[in-house]
Amino acid sequence: MKTFNVAVVGATGMVGQRFITLLENHPWFHVKALAASARSAGKTYEEAVGNRWAMKTPIPEDIKKITVLDATADVKKIASSVDFIFCAVDMKKDEIRALEETYAKAECPVISNNSAHRGTEDVPMIIPEINADHAQVIEAQRKRLGTKRGFIAVKSNCSLQSYVPALHPLMKYGVKNALACTYQAISGAGKTFETFPDIIDNVIPFIGGEEEKSEQEPLKIWGELKDGKIVPSSAPAITTQCIRVPVSDGHLAAVFMSFENKPTVEEIKKCWKEFKGEPQDLKLPSAPKQFLNYFEEDNRPQTKLDRNLENGMAVSIGRLREDSQYDYKFVCLSHNTLRGAAGGAVLMAELLAAKGYLD
Ligand SMILES: NC(=O)c1ccc[n+]([C@@H]2O[C@H](COP(=O)([O-])OP(=O)(O)OC[C@H]3O[C@@H](n4cnc5c(N)ncnc54)[C@H](OP(=O)(O)O)[C@@H]3O)[C@@H](O)[C@H]2O)c1
């Protein structure tokens, strides 16, 4: 595989920091440029991040001294010096939409963690094991944007990264209804316990916009490609409640589901065990070997114990049992800033690179 120079836009943030650590020693992608707001521009990365560095490993030496660019003012400079960008910025939705289109129109593909373009019909929202084929819509998007290389591809919201993969291999039984309550970590809000003391000894029953995303985005992921657009699926009916809990990393979900043709417990576990997608077939560098992992122990998965399974790229599942109102219930977990954000975006970029979309 050829190698690619990349920029991280939003490099000083929680997701941006994850990108920096994941791309250290990446076999295909090399960080060449970093960008953030005008507040950080002109400073070295080390100065710009200051005491916000929240990763367990130190800032890589070759990254510390890179001068941070302005994500908006320096688009031309950034687009001309890298093959594509990873983007995770905290800005208004319309500003992000415009910023990502500006990069794409400058012929610089955008692999985005932001929600701004998730609803755009010709922007693929890819979980690589599930809907790798949605990448084909990029051709239609390039036509609309008038670009040869430039396009935008997005990652879905971190809240659904455990239950959508768990439900996916069961779709052949006709999943009719799904209910998920998510117990979400504070890094999902870009926070640590130091910067979010109100969460200690507390549970906050509201995460703005999260339930809408958790209910609607799965339908696009399970959607169909038609006439240069992704048409969302009309089923299953999904309802969610998203709750912030005092956990550093890892979103856990308690899920209930009903089927058109109810499978047995053994059939469900077999589907999870045998499930694999293109990342496993293509042996992509960040792909987990076993994506869906079922724990037989009653008290697993646990956020702290299991979030880092397969470098935080696998999904852990447990407690599958019959329910009195739905057919079954279970619990599942995924790491929100790894599989749910930066790791999922790196895997999507690997998939798009392997398929030639980043050439
Ligand atoms: N955290 C998660 O688990 C997670 C998961 C999925 C998706 N996301 C999405 O990823 C994005 C970033 O989230 P985060 O948690 O990393 O946020 P964060 O920690 O608050 O970081 C925000 C980043 O955006 C930059 N920024 C802020 N205003 C800007 C501007 N006007 N122009 C350019 N850059 C600007 C910041 O730069 P400065 O340091 O210069 O201010 C910083 O690099 C959001 O859209 C979020 O919804 C997050």
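A: Two strands pair if DSSP finds at least two bridges between them. The strands (E, at least two residues) and helices (H or I, at least four residues) are DSSP runs, numbered from the N terminus. The model is predicted: local features need pLDDT of at least 70, side-chain atom pairs count only at pLDDT 80 or more, and totals for chains, interfaces and linings use all residues. Residue numbers start from 1 along each chain as its sequence is written.

Start with β7 (residues 175-184) and β11 (residues 251-259). Eight bridges join these two strands, which run antiparallel. One place to look is Leu179, whose bridge partner in β11 is Phe256. β11 is also joined to β14 (residues 328-334), by seven bridges, and that pair runs antiparallel too. Here Leu252 stands opposite Leu333 in β14. Now turn to β10. It pairs with β7 in the parallel sense, over eight bridges. Cys181 has Gln241 in β10 as its bridge partner.

Two residues are in contact if their C-beta atoms, placed from the backbone, lie within 7 Å.

The peptide bond from Ala235 to Pro236 is cis, with omega near 0 degrees. Pro236 is found in the loop between β9 (229-231) and β10. Another cis bond joins Arg300 and Pro301, with omega about 0 degrees. Pro301 lies between β12 and α12 (303-306), in the loop. Asp227 has a positive phi of about 50 degrees although it is not a glycine. Its place is the loop between β8 (224-226) and β9. Asp227 counts as exposed, because it has 8 C-beta neighbours inside 10 Å. The scale is simple: with C-beta atoms placed from the backbone, a residue is buried if 20 or more others lie within 10 Å of its own, exposed if 12 or fewer, and partly exposed in between.

There is another open sheet of six strands, in the order β3-β2-β1-β4-β5-β6, with parallel pairing. Strand β5 (residues 110-112) joins β6 through three bridges, and the two run parallel. Ser112 stands opposite Val154 in β6. Helix α5 (residues 93-105) packs on this sheet, touching β4, β5 and β6, and its direction makes about 150 degrees with that of β5. Helix α1 (residues 14-23) lies across β1 (4-9), β2 (29-36) and β4 (84-87), at about 155 degrees to β1.

Step back to the whole chain. The domain assignment gives domain 1 (4-157 + 341-354) and domain 2 (158-335). Such bounds come from an automatic or database assignment. The C-alpha centres of the two domains lie 24 Å apart. Between them, 34 residues of domain 1 are in contact with 30 residues of domain 2. On the domain 1 side, α6 (128-131) and α14 (338-354) each supply at least two residues.

Where does the ligand sit? It lies between domain 1 and domain 2, because both give residues to the shell around it. That shell holds 28 residues, and the closest are Gly13, Ala36, Ser37, Ser40 and Gly190. α1 and α14 each supply at least two residues of the shell. The largest share, three residues, comes from α1.

Note on methods
Axes fitted to C-alpha atoms, helices over the stretch in contact; angles between N-to-C directions. Near = placed C-beta within 6 Å.
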